[in-house]
Amino acid sequence: MEISINQQGIYDARSLGGRKMFLLGFQHMFAMFGATVLVPALTGLSVSAALLFAGAGTLLFHLVTKMKVPAFLGSSFAFIGGYAAVVATGAGLGMSQAASLPYACIGIFFAGLMYFILAGLIKAFGVTKVMRFFPPVVVGPIIISIGLILSGSAVTNCATNWGIALVAVLIIIATNIWAKGMIRIIPVLLGVVGSYLIAACFSLVDFTPVKEAAWVGLPFQMQDTVFSVFANPNWGLVITAIITILPISLATMVEHIGDICAISSTTGINYLEDPGLHRTLMGDGLATAFASLFGAPANTTYGENTGVLNITKVFDPRVIRIAACLAMFFSFCPKFAAVISVMPQATIGGVSLVLYGMISAVGVRNLVENKVDLILSRNLLIAALILVLSIGINYGPGSIDFNIGKIHIALSGLAGAAIVGILMNAVLPGNDYEFGARKRADMSVNLGGSTRNPTDWRKDHPEDEL
């Protein structure tokens with residue numbers, strides 16, 4: 001079966017067929033895998049549970065968003081500091097890491113509920129009034145910052161073996177530019193497999209954990225879930241966990257808006273309008289709250305998979321749902337998790353180098369295509385502070401730490417930058433952004449239709465040329 005492609009280079013998923021969509025689903029699963037399993041590896045949570053609830057959370061998100069948004073939800077890095085803070089508090093009370101982590105998950109549960117509050121505000125007051133606080137001059141730099149903050153981990157992973165990382169990068173580039181047909185739309189998967197195989201041929205992979213792992217196993221244990229806390233709860237630690245982690249949700253909600261804008265920008269479909277930002281927020285919040293109950297990391301819309309969308313030009317949400325089902329299936333196979341866990345860091349780094357860069361590039365495109373005037377002092381100051389704070393704090397002290405009474409709060413660079421950017425945009429005069437007035441500017445793409453060119457849009461919407 002031939003693969004249909006339109007005038008803008010976007011593939012018609014209806015012509016792909018079941019086997020090809022399955023391969024694309026595998027590619028999306030591999031794209032999210034490295035980052036998704038890294039969060040539990042850093043925090044002490046279950047890797048298999050992270051896989052299970054990344055898949056389940058993605059399906060819940062798709063259900064809430066009317067099956068329209070091609071987003072994959074995986075483990076959120078934003079809450080790593082929150083987990084560490086609660087574990088440290090628990091250690092001061094004589095509790096082990098395993099005993100403290102369920103308390104942190106309670107805080108994550110309430111952070112997920114915060115999404116419903118913002119979604120309710122959007123439903124009550126309309127997206128136009130709420131989005132006035134998130135104009136392109138705020139969202140664009142935040143998207144740029146997301147990619148740049150992640151870039152450090154990509155380069156660090158590449159540094160373990162630049163040769164293997166370079167193989168992954170070259171395969172992705174060569175496949176994306178010179179390959180044809182189905183091969184051209186699975187560059188990330190080919191980059192992972194090719195780099196992994198070469199590393200294995202040079203004995204750079206230790207397969208001992210794979211040999212020792214069982215074929216079938218449960219993804220989580222009940223003692224690791226939130227439900228175990230209430231057998232003998234420490235209510236002081238419960239309250240501390242909620243207060244410590246709740247502020248982080250301010251950053252992740254802004255990150256969510258940036259991610260949905262990035263997906264909209266990539267696909268050319270305004271998902272903030274249909275199915276609506278309130279629905280995407282509810283889907284993300286529900287996925288996070290549900291995962292936390294069972295001891296899995298908080299979920300977030302994944303930039304890695306947005307990068308895959310950008311490369312492949314296949315935007316069918318069914319492909320993402322296939323990836324979600326695959327993640328859930330393999331979460332019950334410790335041996336498969338072991339195969340992925342022994343993947344060379346350089347392979348993950350090489351793939352991430354491309355994908356994270358594309359996230360930042362989407363942010364730059366948002367600013368350029370929205371014609372954000374950086375000659376204006378207000379815009380320049382907002383963008384400058386978001387970029388410098390998010391990156392500077394991340395690679396400097398790591399967080400902004402302060403105390404409210406006896407409660408210690410640690411804001412990540414992205415959290416601090418997002419809050420500062422939103423407040424500056426609200427306070428400084430000259431905020432003339434109106435969501436919905438210029439649809440092309442809202443998503444920084446041609447929304448005239450997948451087969452129409454920019455000239456067609458300008459003819460029908462001359463106001464967008466002002």
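Does Ile386 count as buried or exposed, and at what relative accessibility? In this predicted model, Ile386 counts as buried because its relative accessibility is 1%, and buried means under 20%.

**Surroundings of Ile386**

Ile386 lies in helix α17. Leaving aside neighbours within four places in sequence, Ile386 is in contact with Val137, Val138, Pro141, Ile142 and Ser145, and also with Ala417 and Gly421. Val137 and Ile386 are 249 residues apart in sequence, while their C-alpha atoms are 9.7 Å apart in space.

**Packing of α6 and α17**

Two packed helices are described by the angle between their axes and by the distance between those axes. Helix α6 spans residues 136-158 and helix α17 spans residues 377-395; the two pack at an angle of about 20°, with their axes 9 Å apart. Angles under 35 degrees count as roughly parallel, and α6 and α17 are therefore roughly parallel to each other. Their crossing is right-handed. On the α6 side, the residues making the contact include Val137, Pro141, Ile144, Leu148 and Gly152. On the α17 side, Asn379, Ile382, Ile386, Ser390 and Tyr395 are among them. The residues of this contact divide into 13 nonpolar, six polar and no charged.

**Cysteines and accessibility**

A search of the whole structure finds zero disulfides.

| Residue | Relative accessibility | Class |
|---|---|---|
| Ile386 | 1% | buried |
| Cys105 | 1% | buried |
| Cys201 | 66% | exposed |

Cys105 thus counts as buried, whereas Cys201 is exposed.

Conventions
Residues numbered from 1 in each chain as written. Predicted model: local features only at pLDDT ≥ 70, side-chain atom pairs only at ≥ 80, totals over all residues. Heavy atoms only, no water. Axes fitted to C-alpha atoms, helices over the stretch in contact; angles between N-to-C directions. Helix = DSSP H or I, 4+ residues; strand = E, 2+ residues; numbered from the N terminus. Parallel < 35°, antiparallel > 145°, perpendicular 65-115°, else oblique. Left-handed = near helix turned anticlockwise from the far one by under 90°. Contact = heavy atoms within 4.5 Å. Nonpolar A, V, L, I, M, F, W, Y, C, P; charged D, E, K, R; others polar. Buried < 20%, exposed > 50% of the residue type's maximum accessible area, 1.4 Å probe, protein only. Disulfide = S-S within 2.5 Å.
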